[in-house]
Amino acid sequence: MLTKFVTVLCVLAWAGTAVGQEIPPYIKQCRRSDPALTDCIKEALQHLRPYLSSGIPEIKLPSVEPFVMDQLSLQLTGGPQGYRINLKNMEVFGASNFTVRSIKLADGSKPFETRLTIPRLTIHAKYTSSGVLIIIPASGSGDFDAVFEGVTADVKGLVSTNEKPTGTHLRVEKLDLNLSIKKPRLSVSKIFNNNRILTEATNLFLKENGHEVLRALQPQLQKKLSAEFTGIANQLLDNVPIRFFIVD
């Protein structure tokens with residue numbers, strides 16, 4: 001749920017740009033010999049925020065506003081008539097409004113680690129449901145909206161190096177993402193042919209069980225995000241040598 005930006009930020013901390021010798025405006029250069037290298041990298045990641053919001057065509061990085069996901073599904077109650085939700089065409093807003101709280105650089109076989117916080121993420125998706133909600137048949141479709149306040153993203157990853165004619169490049173071999181959300185608010189609309197009773201019952205369930213719904217959704221969400229971020233990062237790193245962002 002957090003946008004493409006999480007992985008891109010982490011890997012760019014060890015990368016640079018493949019576009020010529022001139023340092024582009026989205027790069028804040030750091031020196032490896034700097035005793036405050038970690039602080040410099042944190043500043044460099046913060047420097048990227050407006051460029052991630054608008055996109056960086058030179059490195060084929062689209063805007064993260066919104067970050068788009070394809071589909072998620074979960075079953076919220078058990079039994080043959082269990083209540084099941086499917087979300088499609090998910091748009092996530094607010095991902096570029098992050099703050100880098102901490103970063104730990106990769107050291108040999110040890111992974112890089114970073115913690116980011118985001119004040120608010122909002123999600124809009126198409127919603128379908130099936131089964132029985134409490135005692136009410138609740139099969140239908142419509143719009144799903146969520147507001148996640150107080151988001152923390154902990155990212156940990158392993159990287160390897162690859163020599164190319166343009167220089168040394170990095171490749172993400174493994175990426176783990178853990179999300180913590182303080183306050184989830186979920187709601188649906190335009191469902192059950194605008195049946196007010198069913199809509200209100202569903203929204204009451206989502207309001208009173210927001211944290212439970214989030215816990216059911218989170219493992220699948222984190223796994224999908226980790227896979228997508230790894231693919232995005234490696235597509236980017238294929239064109240991005242290390243040598244420009246961090247200099248000796």
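Colleague: How many disulfides does a search of the whole structure find?

Modeller: Before I answer, note that this is a predicted model, in which local features need pLDDT of at least 70 and side-chain atom pairs count only at pLDDT 80 or more, while totals for chains, interfaces and linings use all residues. Residues are numbered from 1 along each chain as its sequence is written, and side-chain values use heavy atoms, with hydrogens and water left out. Taking a disulfide as a pair of cysteine sulfur atoms within 2.5 Å, the search of the whole structure finds one.

Colleague: Which parts does the pair Cys30 and Cys40 tie together?

Modeller: The sulfur atoms of Cys30 and Cys40 are 2.1 Å apart, and the link is left-handed, with -95° about the S-S bond. Helices (H or I, at least four residues) and strands (E, at least two) are DSSP runs numbered from the N terminus. Because Cys30 lies in residues 30-31 and Cys40 in residues 37-47, the pair joins parts 10 residues apart in sequence, namely strand β1 and helix α2.

Colleague: Are Cys30 and Cys40 buried or exposed?

Modeller: The classes rest on relative accessible area, found with a 1.4 Å probe and protein chains only: buried is under 20%, exposed is over 50%, and partly exposed is in between. On that scale, Cys30 and Cys40 are both buried.

Colleague: Which element gives the largest share of the lining of the largest cavity?

Modeller: A cavity is a set of points on a 1 Å grid over the protein atoms alone where a 1.4 Å probe fits but cannot get out, and its lining residues have an atom within 4 Å of a point. The volume is the space filled by probe spheres set on the points, which are joined across faces, edges and corners, and for the largest cavity it is about 70 Å³. Elements giving two or more residues to this lining are β3 (84-93), β8 (140-164) and α5 (210-237). The largest share, four residues, comes from α5.

Conventions. On a 1 Å grid over the protein atoms alone, a cavity is a set of points where a 1.4 Å probe fits but cannot get out, and a pocket is an open set with protein on both sides within 12 Å along at least five of seven lines; lining residues have an atom within 4 Å of a point.
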